[in-house]
Amino acid sequence: MKSISILGSTGSIGTQTLSVVDENTDLKVVALTCGKNISLMEKQARKYKPKLVCVSGEEDANSLRVALKDTGIKVTSGMEGLIEAATMEEADIVLTAIVGMIGIRPTIAAIEKGKDIALANKETLVTAGHLIIPLAKKHQVSILPVDSEHSAIFQCLQGNRENTVDKILLTASGGPFRGKSYEELEHVTLEDALHHPNWSMGKKITIDSATMVNKGLEVMEARWLFDVPLSKIQVTVHPQSILHSAVQFEDGAIIGQLGTPDMRLPILYALFYPHRRELSGEKPDLFDIGSLTFEKPDFETFYGLQLAFDAANTGGNMPTIYNAANERAVALFLQGRISFLEIPELISKSMVEVDFCDDPTLEDILETEQNTYEFINSVCFRKIKAY
Ligand code: NDP
Ligand code: MG
């Protein structure tokens, strides 16, 4: 029996993780957390009977306490509750499917308690990878990637630890706007941007895929997870999303992982690593797949991707500025307050204007996050007020 604490259980990755739990009776849920969706949280709590649940706000926690009072489940709220869920004595592994930098502190707390991490929450590694990776080594915990590309790379590296990696081939679908010019992107709507061709995901990552900022975040995630220099990471646009990523070794051999676009596979692999388990549903069939194609990314039109390489090359708190600016810009875009092209524009401006620091501590990272939000608020002040 493996006990699991799921941070962000009501989201896209969280609900798919619970469907993996449904199919594997040796997984037991000990804690669940969400932001505001307390009606789904009540259903999940009744079904999976965790010891603890956590929601964002104290008012929602009170409502949920009333709703769950016959169950004996403890209901907590806020960062304190998230950390309690991430550090529960009973949990063997913590699956981080929360969205955004809010995942940093619970992830660090879980590692300090010796919990293995199944990591979907890439923003945490992008901004605090230089703290998290050494901490995980110190506490001898595994960070098991859930992001499909990183899971693929991780799978390709099995049995190859001693071999020299020449290149990580990080695949990208290209999103809904692949092939469009900058001018064409001036008029795209929120609805267009939310229409991902291959994957059904939460709103934030869907917008990140449309700007290709998601791939930028993944470049930084790969660098921390696999300890490779940026020069060895090549983004490859592959519109079919069948090759989930690949590794090229020094002899030129390319080893890749293929599959249908189904997040349950990387979730399952992270939870049962190094073992594979049966997964329900259709298995991929090469005759049905037919052909796979590959293209170079358009770094000029989708310059949010180029900015990620720039941020990673600069280092220090620049990846945090990049990420925080993107988080705030995407939130504003989702609220209809800024246009699609203002997302990379705000990231770029923030990278120039927000105070840089070289070797950020956790406090510096959290302060940089706030500074970036304040900078964006000041730039968008009129828009935010007028709304
Ligand atoms: P969703 O938006 O679908 O879910 C996010 C989860 O986090 C929900 O449970 C949400 O609760 C909770 N949450 C949001 N804000 C807060 C907050 N302030 N405090 C506490 N909890 C909060 O996101 P996804 O599942 O799509 O993505 C989760 C993470 O996984 C992201 O980092 C993403 O980049 C990564 N990822 C996702 C993939 C996917 O296929 N979806 C693929 C690869 C990586 P509530 O429902 O109440 O709002
Ligand atoms: Mg991914």
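In this predicted model, strand β8 (residues 165-172) and strand β10 (residues 243-249) run antiparallel and are joined by four bridges. Both strands belong to an open sheet of four strands with mixed pairing, ordered β9-β8-β10-β11.

- From one strand to the next, the twist averages 20°.
- Within the pairing of β8 and β10, L169 stands opposite A246 of β10.
- As a general point, strands of a sheet pair through backbone hydrogen bonds, in either a parallel or an antiparallel sense.

**Serines with positive phi**
- S245 is located in strand β10, and its phi is positive at about 150° although the residue is not a glycine.
- The relative accessibility of S245 is 0%, so this residue counts as buried.
- S241 lies in the loop between β9 and β10 and has a positive phi of about 50°, although it is not a glycine either.
- S241 is buried because its relative accessible area of 6% falls under the 20% limit.

- Strand β1 (residues 2-7) has five of its six residues buried, so it is largely enclosed by the rest of the structure.
- β1 and β2 run parallel and are joined by six bridges.
- On the other strand of this pair, A31 in β2 is the bridge partner of S5.
- Strand β2 (residues 27-33) also pairs with β3 in the parallel sense, over three bridges.

**Surroundings of T76**
- T76 is part of strand β4 (residues 74-77).
- With a relative accessible area of 7%, T76 is buried.
- Apart from neighbours within four places in sequence, T76 is in contact with L52, V53, C54 and V55, and also with A61, R65, G81 and E84.

**Cis peptide bond**
- The peptide bond from Y273 to P274 is cis, and its omega is near 10°.
- P274 is found in the loop between α12 (264-272) and α13.

**Nonpolar surface patch**
- L258, L286, L292 and F294 make a nonpolar surface patch of about 370 Å².
- L292, one of the residues of this patch, lies in the loop between α13 (286-289) and α14 (303-314).
- The relative accessible area of L292 is 31%, so this residue is partly exposed; patch residues need a value over 30%.

Technical notes. Residues are numbered from 1 along each chain as its sequence is written. Chains are lettered from A and ligands numbered from 1 in the order in which they are written. This is a predicted model: local features need pLDDT of at least 70, side-chain atom pairs count only at pLDDT 80 or more; totals for chains, interfaces and linings use all residues. Side-chain values use heavy atoms; hydrogens and water are left out. Patches are made of residues with over 30% relative accessible area and no salt bridge: like charges are joined within 9 Å, nonpolar side chains (Val, Leu, Ile, Met, Phe, Trp, Tyr) within 5 Å. Accessible areas come from the Shrake-Rupley method with a 1.4 Å probe; for residues, only the protein chains shown count as cover. A salt bridge is a side-chain nitrogen of Lys or Arg within 4 Å of a carboxyl oxygen of Asp or Glu. Helices (H or I, at least four residues) and strands (E, at least two) are DSSP runs, numbered from the N terminus. Buried means under 20% relative accessible area, exposed over 50%, partly exposed in between (1.4 Å probe, protein chains only). Two strands pair if DSSP finds at least two bridges between them. Axes are lines fitted to C-alpha atoms, for helices over the stretch in contact, and angles run from 0 to 180 degrees between N-to-C directions. Contact means heavy atoms within 4.5 Å.
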